[in-house]
Amino acid sequence: MPSPPSFLSDITTRKRSKSNVFGNPFSKTASQSQKTCSFGRPTITDREISPPEHSLQRPSLTPLRRSSSQPSLLSYTSSLDEARFANVQSMTNARIKAIKDNFRGLSPGNTIANAANALSTYANSLNSVLSSAPPLPNSDSSTSMGAAPPPVKPHPLDTVEGDIIVMGGYRGSILRETSGQRRRVWIPLRVGLNLRKVNLEIGLNNEDEETMSQRIIPDGMLTNIGPVDIGRRLLRRLRSGEGAGGRKHPRSVWEYSYDWRLSPHILSRQLIEYLEKLPSNHSNSRRQPRQPGRGALVIAHSLGGLIVRHAINQRPELFSGVLFVGTPQHCVNILGPLRNGDTVLLSSRVLTAQVNFTLRSSYVLLPEDGHCFVNKKTGGKINMDFFDVNTWIKHALSPCVTTVKSAPAPSSLPSMNMGIGEAVRDAVREGASSATRDRTLAPQMDSTSSTLNPFSHLPSFLEETVCTLPTSETIPYLDRTLKAIKQFKEELRFKPEIGYPPEKEEQNEALEASPVPMMNSWNGDEITSLGSSATVTPMLPSATVPGVSREERKSVYYPPMAIIYANNTPTVKGARVDGIESIPLDNVYDDLIFGAGDGVCLAKAAQLPRGYKACAKVLSDRGHIGLLGDLDSVGKAIEGVVRERGW
């Protein structure tokens, strides 16, 4: 969002000027096929998905088919980024999409009823055909058309073994006070309705983080928000098969929660300490080769995946496999909440700009390449170092370090001579349009202001953008935090000293010697699952990092990794500005640029960094919040990991 960037896409910010009054022109695009793939069909073997065999005994209502429109992940994603969403001016409302995804998962477009009717019709027609057909020559009961169908392959979620951890993302864990009545501080309904106040702010000193567990603690994963499922269905499905159940390695499912506000270094350290205590890691040492049954399979959503990747680079032997679900390498959406604050349900007082400024994990999502702003006049990118405190001061990226300037009043402002009826109709149209979209980066207005106010988009003194902290404290804190985050992001990079087993590198060398061109750093199998279509595209692994001999390789290697991502929803990837001098203005996020993604995380940003290898890449049609609820996609990714790890 809200998983919980879970919460990133659920954070609705409001515009100061009117645009896109007539709603989201991509509503049809965002609601693509709602069919899902069943694991009753043949699954992934030897880097391909075979289409199901059609027979009279076993009809296939939604057969897997190769998608001719997706020749490769690279070209398809690029075409979506540059063409498909080039003219989008508003963001699909992530909450509405998540609710639709949730109901589709429970009752996908009356699929059950439709399937039952189709099977009934098919059975009746089949009986009439068989009753009137002459017997086949030289046929017996074992080869007749009435033979029993082959057994259906069980779903990987029902057969996976060992320790399994599920963890949420940014704002994806419940937080509770340690004193008194142990009240919930994230996210209670009464707070969202402005009926109770909470303080999520963290002090600016390092010791304030280290002692936070004395005041606020995590208390479980945020598995749902009302009707919106985040991870509840997945946990229920996995827990239904806990125990031995005839398995060689008994299954144990663990729901991992953490205080998502803290520094990522602290969160990585806490995760490692947790993993060390699991049954599967009791006898694991740092240099012990990975054995069947050892290590945990971690399913990490959004920010959780970044914490996991850092922990892997410290202690790879603690993992038997990893699923990165909507995990972004970067997410420019975070710049909106840091400048303007964002809303929680109906409250804009919980996550103000000042509160977000003190949350260390917010800065992990900043883009390392410095790309966010584009010059409207020239079309050129305005590169910025988001990890330099002087950039924040100069361009007023947070009101906690520099006062945000008001933009000049646009010429299109309502005239004082405008009739009140016309002004109200104008505002109502804009309010109706805003209700169906999220503008995470756009400036946000006070939640108490009426959408019927025709002048509500004029600059105002907003509580959510006020900072009461002195710059003598905020600037040193920000400088220290940005340097620590930059180091953390550098530690997320592929480590050649860990690497992969020699036999994998031999395969890499053979593929590198082939005449087929490389495809950047994307590698492994691309497994796509959009509605009833599914394809697997063999992907070439990236080049082995030179300078490290095989003799220097250790006995512990990277665990199998799979990713789940989406590319069917307009996702913010930047903002157009009049020039670098206009970035400090309060309307800097009014003209957004969109690319292909899940509504929060761009498809390109969801890929593994260069050097890492993905044993499976699963393309989902869900939004960011609902990715964990796409059980078929999670099953496909788990199947790839299980196949790679060998147990």
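This is a predicted model: local features need pLDDT of at least 70, side-chain atom pairs count only at pLDDT 80 or more; totals for chains, interfaces and linings use all residues.
Local features need pLDDT of at least 70 and side-chain atom pairs count only at pLDDT 80 or more, while totals for chains, interfaces and linings use all residues. Residues are numbered from 1 along each chain as its sequence is written, and side-chain values use heavy atoms, with hydrogens and water left out.

Start with helix α10, residues 303–314. Helices (H or I, at least four residues) and strands (E, at least two) are DSSP runs, numbered from the N terminus.

α10 is mostly covered, with 11 of its 12 residues buried. Buried means under 20% relative accessible area, exposed over 50%, and partly exposed in between (1.4 Å probe, protein chains only). Among the buried residues are L303, L306, I307, V308 and I312. The glycines G304 and G305 are buried too, as are R309 and H310. What do the buried residues of α10 pack against? Their partners are β4 (163–167), α9 (264–276), β11 (296–301), β12, α15 (471–490) and β20 (561–566).

R315 counts as buried because its relative accessibility is 7%. Its side chain makes a polar contact with the side chain of E276, at 2.6 Å. A polar contact is a pair of N or O atoms within 3.5 Å; within protein, one must be able to donate a hydrogen and the other to accept it, and residues adjacent in sequence count only if both atoms are side-chain atoms.

Now the core. A nonpolar core is a set of buried Ala, Val, Leu, Ile, Met, Phe, Trp, Tyr and Cys residues joined through side-chain atoms within 4.5 Å. The largest one has 102 residues, of which W186, V308, Y363 and F373 touch the most other members. α10 supplies the largest share of this core, 6 residues. Apart from it lies another core, of 25 residues, including M221 and L323.

F373 has contacts (heavy atoms within 4.5 Å) beyond its neighbours within four places in sequence, including I382, A575, V577 and Y589.

Next, an open sheet of 4 strands runs in the order β16-β15-β21-β22, with mixed pairing. Its edge strands, β16 (381–382) and β22 (592–597), each pair on one side only. Two strands pair if DSSP finds at least two bridges between them. β21 (569–577) and β22 pair in the antiparallel sense over 6 bridges. There, T569 stands opposite G597.

Some backbone spots deserve a look. A cis peptide bond joins W186 and I187, with omega about -10°. I187 is in the loop between β6 (184–186) and α6 (189–192). R171, not a glycine, has a positive phi of about 65°. This residue sits between β4 and β5 (173–177), and R171 is buried because its relative accessible area is 0%. R182 also has a positive phi, about 50°. R182 lies in the loop between β5 and β6 and counts as partly exposed because its relative accessibility is 36%.

Finally, the cysteines. The structure holds 0 disulfides, a disulfide being a pair of cysteine sulfur atoms within 2.5 Å. C331 is buried at 4% relative accessibility, and C601 is buried at 2%.
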